[in-house]
Amino acid sequence: MYDFGLEIWGNGDFVIEEGKVKVNFASKPALVDIVNQVRTKGFKGPLLIRFPHLIKKQIDEIFSHFYRASKEYKYSGGFKAVFPLKVNQFPNFILPLIECSKDLDYGLEAGSKAELIIAMTYNIKGHPITVNGFKDRELISLGFIAAAMGHDITLTIEGLNELETIIKVASEMGEPYPKIGLRVRLHSSGIGVWAKSGGINSKFGLTSSELLEAVDMLQESNLISEFTMIHFHIGSQISDISPLKKALREAGNIYAGLRKMGATNLKAINMGGGLAVEYSQHPNFANRNYTLEEFSNDVIFLIKDISISKGEPEPDIFIESGRFISANHAVLIAPVLELFSQEYDEDALRLKEKNPPLIEELKELLSSIREKNAIEYLHDALDHMESLLTLFDLGYIDLQDRSNTEVLVHLIIKKSVELLKSRNHHEIMDIQDRVQERYLLNFSIFQSLPDYWGLDQRFPVMPLDRLDQKAKRSASLWDITCDSDGEIEFNKNRPLFLHDVDIKKEDYFLGFFLIGAYQEILGMRHNLFTHPTELSVVFDEKDEMKVVNLLESQSIWDVLDDLDYDIRDVEKIMKLNLEESPFVDEQKQKSIMGKLYLILSENGYLRTMTNGDNKNEQNN
Ligand SMILES: *Cc1c(COP(=O)(O)O)cnc(C)c1O
């Protein structure tokens, strides 16, 4: 059985049983059954399915590893964590996250006013809130308001001007003060596409001389006792652990140095996020070279080592992992709408009494292709196609001949792939590469996988069922935007094989996994495709699954409204267009308006392809 790399990226979250991907938890529902259950209610577009139990799984995993490592090294500092809201601010993610971590030292990190408002509203009192990013006077005032509400909040200073503002606001608003953190600018930086957050040229953080000045300022303004944390973040998706170790050493020494200068309430090192997720479906493209066990051991050991050698107390350790906590909780389901080559069916041939000689040869190749001559015949067919297309351009053959050429060559390709499937010939790989089947999916890459578009980030993808049958078609994936970037390409080094299905007769769904971090909020409404319909799958005490928080994708009305079109105008003008039209009488106007309202109050994803309706009736 080919598992689409589930062993590599699956994290134990899903299993393949009876040819279906199943949730590896409680009653183990199959994803395809969940999808069908929701589709019978009329939600035919893409679906985003959340699994709150997987949020809890990740949080517990981080805490248990750090608790274990602390015990192992007899570490005397505490361990705390916050979830950085920028990674996923959606309520159906955040509210379960808060609920399932209420017994741990787990809180939220905010990077803007709006995010801070979410934290001030929903974070449980006593659980930490940290605030990073550039701050103006208002954001700082919000921090004081949070402190006044009784929140345990730390404002992390990115520059001395922010500290000046804090000192001013403190004198105006008075106590209670928020805690103050200083973001340090390290020499060490992460590697990979996201590494711009650390390093000497980083966008953020105080240089050594600024740190010294900050301590002076804090002492002069009597705020030094509020200074409790230093912070750094070397970038997301850290693929290699060694830059993190270097950064920890650097930060540990800065911590000790600042304490010796009189920052005696400095009790915490916040090491930011960056814990990587394994997205790879192929063993040769692994994304990280460490385990969480190794990561937690290294952190605890290093900080302990520095504290002992400098004679300072072992600080609390904060982590701000976002990707690691949220990526696996969400799966995007994209229904396959069409296989492009399906139109190249035998039925589509319109052979003439007398065909051009090259077409006769193609016919001959198709009827006599066998395993031993398949590669040779395939080459011949592709050559003939080149020649025939040239003849068409020069006006020697007509459109009917051209269509026959395309159909015959496609049939030859299909047949040769079928004949050669059991061989692992490099040439077959090359051919597969050239003759990929294009699967059209009912979703938008721009909306749902923006990091693929922007950063070429790969996400694991696999069909939800038929996993007991070998998938033989080398595939590329197309979305329904009319943008040529709306394609996910695969090649012979990283191929994707899918099943040959007749979409007119049966459904076929692909799942994109590990999409719960960053994708939703970075997603853009290119072509005005919006956030897909989402739902959460939870399990009751009897391990039975329940679909909750079903939130339908935005209607077309709402999308236009969001863009600040006056939707009453839209409605009025459409009505007027019909009234003034010479083609419709009053009766017809009414029925057309009714149809329009129906379409506008639905979301913009495709409901079905033209023939899909028959299929649904058969299913019901
Ligand atoms: C983005 C960010 C994080 C989260 O990083 P992940 O790679 O998602 O863990 C944590 N801390 C800060 C300051 C950030 O900017």
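Q: How many salt bridges does the structure hold, and what makes a pair of residues count as one?
A: The structure holds 34 salt bridges, a salt bridge being a side-chain nitrogen of Lys or Arg within 4 Å of a carboxyl oxygen of Asp or Glu. This is a predicted model, in which local features need pLDDT of at least 70 and side-chain atom pairs count only at pLDDT 80 or more, whereas totals for chains, interfaces and linings use all residues. Residues are numbered from 1 along each chain as its sequence is written, and side-chain values use heavy atoms, with hydrogens and water left out.

Q: Why is the pair of Glu72 and Arg68 called a salt bridge, and where do the two residues lie?
A: The closest N and O atoms of Glu72 and Arg68 are 3.0 Å apart, which is within the 4 Å limit, so the pair counts as a salt bridge. Both residues belong to helix H3 (residues 52-72), and because they are four residues apart there, about one helical turn separates them. Helices here are DSSP runs of H or I with at least four residues, and strands are runs of E with at least two, numbered from the N terminus.

Q: Why are Glu72 and Arg68 called partly exposed?
A: Glu72 has a relative accessibility of 48% and Arg68 has a relative accessible area of 26%. Buried means under 20%, exposed means over 50%, and partly exposed is in between (1.4 Å probe, protein chains only), so both residues count as partly exposed.

Q: What makes Lys304 and Glu314 a salt bridge, and which parts of the chain does the pair link?
A: Their closest N and O atoms are 3.2 Å apart, and the pair is therefore a salt bridge under the 4 Å limit. This pair links distant parts of the chain, with Lys304 in helix H10 (residues 292-310) and Glu314, 10 residues apart from it, in the loop between H10 and strand E11 (316-319). Lys304 and Glu314 are both buried.

Q: What distance is found between Arg525 and Asp562, and why are they called partly exposed?
A: Arg525 forms a salt bridge with Asp562, with the closest N and O atoms 3.0 Å apart. The two residues are 37 residues apart and link distant parts of the chain: Arg525 is in the loop between helix H18 (519-522) and strand E19 (533-539), while Asp562 is in helix H19 (residues 556-562). At 33% relative accessibility Arg525 counts as partly exposed, and at 41% so does Asp562. Elsewhere, salt bridges that share partners join Glu17, Glu18, Lys22 and Lys28 into one network.

Q: Which residues come nearest to the ligand, and what does "around the ligand" require?
A: Lys86, Ser236, Glu320, Gly322 and Tyr518 come nearest among the 16 residues around the ligand, where a residue is near if one of its heavy atoms lies within 4 Å. The shell divides into three nonpolar, nine polar and four charged residues.

Q: Why is Asn270 called buried, and which side chain does it contact?
A: Asn270, in strand E10 (residues 268-270), has 0% relative accessibility and therefore counts as buried. Its side chain is joined to that of Glu320 by a polar contact of 2.9 Å.

Q: Why does Glu250 count as buried?
A: Glu250 lies in helix H9 (residues 242-260), and because its relative accessibility is 19%, under the 20% limit, it counts as buried.

Technical notes:
Ala, Val, Leu, Ile, Met, Phe, Trp, Tyr, Cys and Pro count as nonpolar, Asp, Glu, Lys and Arg as charged, and the others, Gly among them, as polar. A polar contact is a pair of N or O atoms within 3.5 Å; within protein, one must be able to donate a hydrogen and the other to accept it, and residues adjacent in sequence count only if both atoms are side-chain atoms.
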